[in-house]
Amino acid sequence: MSEIEPQLRSELEQLVPLPRASRLNWDDVVDRARSRRGRQLFRRRRMLVVAIVLVLLVGGGVALAASELFGGDPLTGPAAPPSNDAALRALFPPYRIGHATQLAEYEGRKLFGARTASGGYCFSATSPTDPKGEGGHCVSKADALKLDANGPVAFTMSGWSAGGYAPGASEVRISGAGIDVTVPVAENGWWVGVAQLPLLGADRLRSPLPAGQDRGFVVARSVGPDGRMLGQTRVMTVTVTRDHNGRVLTVGLGS
Amino acid sequence: MLYRERYRHFLRVACLITGEEERAHDAVQEGFAALIRSRDAYRGEGPLEAWVWRAIVNEAKKQRRNPLALAFPDQTLPSTENGDRERDRILRTWIASLPERQRMAVYLRYYADLDYRAIAAVLAVKVGTVSATLSAAHNRLREQLQEVSR
């Protein structure tokens with residue numbers, strides 16, 4: 001045990017005390033366990049049918065045809081170093097992630113991306129606070145289809161890192177919810193930057209978002225070499241929740 | 001019974017992971033429900049409590065608003081009632097700056113009060129890895145404290 005532990009334990013205990021146990025309900029646990037069992041059987045059968053259909057479709061070369069139609073693999077760049085390659089695969093084991101490519105680098109942050117066995121895309125980013133890249137993001141099916149078609153996407157990862165794909169753009173302006181930064185876009189269309197929210201005030205009564213709002217959006221606007229705006233993609237949604245005294249309780253990030 | 005005795009600890013850690021008490025409560029309830037459904041899978045190979053924590057931590061990660069973005073801003077920590085705001089700010093910044101695995105190890109050590117062996121079972125790593133992970137987290141805190149005192 002480290003010598004720092006006893007004092008740290010007491011300070012962290014004060015920082016986040018134990019909540020009340022007002023919602024303790026074992027009967028609810030048992031009900032949830034029972035109701036799921038019946039649904040699970042039905043779901044397993046349905047999943048089996050869906051899986052067979054998917055295998056047939058994918059096996060038939062739908063993914064290949066789509067990529068040929070729309071212009072090929074967007075993940076272009078040098079192979080990721082072995083440690084980052086392994087880190088990305090370790091992040092989301094169920095997705096069976098392939099070998100990673102280094103896509104972009106800016107101000108100490110690097111973006112890595114790879115395809116998954118089911119045709120999706122997963123990404124990780126290293127940052128000054130996360131040099132091993134222990135945080136990442138796997139895009140939704142809709143965004144995977146966009147990438148297949150060389151369309152723009154944007155997302156957040158750990159250590160306040162944000163990244164995305166903006167083909168044809170020379171820079172991306174990330175703004176909203178108090179954030180206003182511009183990051184360059186690499187020649188392959190990828191970018192990585194920082195999207196850090198403003199800190200809460202000491203009284204915690206005021207939202208960290210501009211004008212005291214409790215909901216905000218962060219967007220990435222891609223700008224072409226001639227200064228024209230090419231498009232806009234949502235990076236994240238920010239939602240503030242408050243306790244019954246109106247003090248800010250949490251600031252949640254959503255995609 | 002573990003559920004009754006440790007519910008508040010489960011809820012606190014789940015709240016830190018999900019950022020919301022409502023989702024945290026759901027994570028605890030669903031975690032225990034999942035354990036009931038898969039109770040035959042427990043072979044007694046590790047501490048029972050670690051098996052329970054693993055289910056709840058996994059469920060809480062699923063319930064996160066953005067389940068695949070592992071970012072965790074310092075503002076998602078609930079507010080504190082004590083007066084030492086500067087020290088609180090340092091601790092919040094410290095937790096927010098930790099990579100995912102270090103942060104989970106800190107939660108399980110200090111907010112779940114688990115020993116290294118149990119934390120290793122929850123995170124599916126070796127005990128030595130837990131020791132190294134917590135040591136790295138402590139070093140980062142020392143660095144941040146030194147920066148402030150300069």
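**Exercise 1. Find the strands that helix α4 of chain A lies across, and give its angle to β3(A).**

Solution. Start by locating helix α4 of chain A at residues 82-91 in this predicted model. Next, look at what it lies across: β2, β3 and β4 of chain A. Finally, compare directions: the helix runs at about 125 degrees to β3(A).

**Exercise 2. Work out the strand order of the sheet in chain A, and say which strands are at its edges.**

Solution. Follow the four strands across the open sheet and you get β1-β2-β3-β4, with antiparallel pairing. Now check for strands that pair on one side only: these are β1 (101-106) and β4 (136-138) of chain A, the edge strands. From one strand to the next, the twist averages 15 degrees.

Then zoom in on one pair. Strand β2 (residues 109-115) and strand β3 (residues 121-126) of chain A are joined by six bridges. Within β3(A), A:C122 stands opposite A:A114.

**Exercise 3. Which residues touch the most other members of the largest nonpolar core?**

Solution. That core has 50 residues, and the two to pick out are A:I174 and A:V235. Take A:V235 and set aside its neighbours within four places in sequence: its contacts include A:F155, A:A162, A:I174 and A:V219. Another core, of 45 residues, lies apart from it, with B:Y7 and B:W53 among its members.

**Exercise 4. Decide where in chain B to read the model with care.**

Solution. Where pLDDT is low, predicted coordinates should not be read in detail.

Technical notes: Residues are numbered from 1 along each chain as its sequence is written. Chains are lettered from A and ligands numbered from 1 in the order in which they are written. This is a predicted model: local features need pLDDT of at least 70, side-chain atom pairs count only at pLDDT 80 or more; totals for chains, interfaces and linings use all residues. Two strands pair if DSSP finds at least two bridges between them. Helices (H or I, at least four residues) and strands (E, at least two) are DSSP runs, numbered from the N terminus. Axes are lines fitted to C-alpha atoms, for helices over the stretch in contact, and angles run from 0 to 180 degrees between N-to-C directions. Two residues are in contact if their C-beta atoms, placed from the backbone, lie within 7 Å. A nonpolar core is a set of buried Ala, Val, Leu, Ile, Met, Phe, Trp, Tyr and Cys residues joined through C-beta atoms within 7 Å. A residue is buried if 20 or more other C-beta atoms lie within 10 Å of its own, exposed if 12 or fewer, and partly exposed in between; C-beta atoms are placed from the backbone. pLDDT is the predictor's confidence in each residue, from 0 to 100.
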